[in-house]
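Subject: A structure for you to look through

Dear colleague,

I am handing over the structure that you will find just below, and after it I describe what was found there. Please read the notes with the structure open beside you.

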Amino acid sequence: MSEPAVRPNETTMPLMPCASMEETLAFYEALGFEVTYKQKKPYVYMALRWSGFELRFGPAPKGLDPAREESGVCLVMVDAVAPYHAAFVAAMRRAYGKVLHSGLPRITRYRPGASRFTLVDPSGNSVVFVQRDEPDELEYGGSKKLTGLARALDNARILREFKDDDLQAFRALKSAVRRHGATAPAAERALALCHLIDLATVLGEPADPWLADLRGLELTADDRQRVESELGHLAGLREWLP
């Protein structure tokens, strides 16, 4: 009788900490996940399924603070991320009456053409949906092919989409607008100000100063077209633009 062989047919499943079974179940079931197994004793364990992937949850370590969002991470590799984001956004609207973009739980915003987005659950776990053909290398700090405000905009994109760090993106853009705004093309300044308005809203910061600056800009038809083509996914964009 031949010995069992190691074969390339393994399946891996993340086991993420669960700070509250009730809150975790409520969130994932609202998104359409199916519960395939759950138990509270002798320890917390849950198995959830959506489409072709599964998530598993176990006990939370002592002292876990979900608000720090350092709990666990799972990457879900897909052919195209946009349909997944659209499905979860639609489910949130049905369940909550709105899209959860801040706090816990939430879903990160999706920019058309982006290669990833993140679900953050009530326990502070991040489920990151990543497009398989995503570039292997990223230039943190902004592409070296760009300069001034354009480079800062690229850096903010990386911070938001790949590091899920809205606060650092906000700080970087504020600094860049102060340093480069006066000499930047109107379209770039408008893009930066729109991002600042959106980030301020997400972070609970005052957005009025950026909105006033944006409405004071003189934009050509081409400028407006560029801003709308790049940031058309922002719900309030048409109301912000001058």
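Phe129 counts as buried because its relative accessibility is 0%, where buried means under 20% relative accessible area, exposed means over 50%, and partly exposed lies in between, with a 1.4 Å probe and protein chains only. Please keep in mind that this is a predicted model, in which local features need pLDDT of at least 70 and side-chain atom pairs count only at pLDDT 80 or more, while totals for chains, interfaces and linings use all residues. Residues are numbered from 1 along each chain as its sequence is written, and side-chain values use heavy atoms, with hydrogens and water left out.

The whole protein

The protein has eight helices and eight strands; these are DSSP runs numbered from the N terminus, with helices (H or I) of at least four residues and strands (E) of at least two. Its C-alpha trace spans about 75 × 45 × 30 Å along the principal axes, and 46% of its 242 residues count as buried. If we take the contacts (heavy atoms within 4.5 Å) between residues at least 6 apart in sequence, 57% of them join residues at least 24 apart. The protein exposes about 13600 Å², of which carbon and sulfur atoms supply 49%; such areas come from the Shrake-Rupley method with a 1.4 Å probe, and for residues only the protein chains shown count as cover.

As for charge, there are 31 positive and 33 negative side chains, and the centres of the two sets lie 3 Å apart. Here Lys and Arg count as positive and Asp and Glu as negative, while His and the chain ends are not counted, and the place of each charge is taken as NZ of Lys, CZ of Arg, CG of Asp or CD of Glu.

Aromatic rings

A search of the whole structure finds 16 aromatic pairs. Rings of Phe, Tyr and Trp (its six-membered ring) pair if their centres lie within 6.5 Å, and planes under 30 degrees apart count as stacked, over 60 as edge-to-face and the rest as tilted. One of these pairs is formed by Tyr28 and Phe57, which is tilted, at 5.4 Å centre to centre with 50° between the planes. This pair links distant parts of the chain, since Tyr28 belongs to helix 1 (residues 21-30) and Phe57 to strand 4 (residues 53-59), 29 residues apart, and both Tyr28 and Phe57 are buried.

Tyr84 and Phe129 also form a tilted pair, because their ring centres are 5.7 Å apart and their planes stand at 35°. Tyr84 is in helix 2 (residues 82-96) and Phe129 in strand 8 (residues 126-131), so that this pair, too, links distant parts of the chain, 45 residues apart. One aromatic cluster takes in Phe27, Tyr28, Phe33, Trp50, Phe53, Phe57, Tyr84, Phe88, Phe117 and Phe129.

Another ring, that of Tyr140, has the charged end of Lys163 sitting over it, 5.6 Å from the ring centre; this requires NZ of Lys or CZ of Arg to be within 6 Å of the ring centre and within 35 degrees of the ring normal.

Two residues and their contacts

Arg49 lies in strand 3 (residues 45-50) and is partly exposed, with a relative accessible area of 32%. Leaving aside neighbours within four places in sequence, Arg49 is in contact with Phe33, Glu34, Thr36 and Glu54.

Gly142, in the loop between strand 8 and helix 3, is buried, with a relative accessible area of 0%. With neighbours within four places in sequence again left aside, Gly142 is in contact with Arg151, Asp154 and Asn155.

Details of the backbone

The peptide bond from Lys41 to Pro42 is cis, with omega near 0°, and Pro42 lies in the loop between strand 2 (34-39) and strand 3. The bond from Leu104 to Pro105 is cis as well, with omega near -5°, and Pro105 lies in the loop between helix 2 and strand 6 (106-107).

Glu69 has a positive phi of about 55° although it is not a glycine; Glu69 is found in the loop between strand 4 and strand 5 (73-78) and is partly exposed, with a relative accessible area of 30%. Asp164, which is not a glycine either, has a positive phi of about 50° and is found in the loop between helix 3 (148-161) and helix 4 (166-180).
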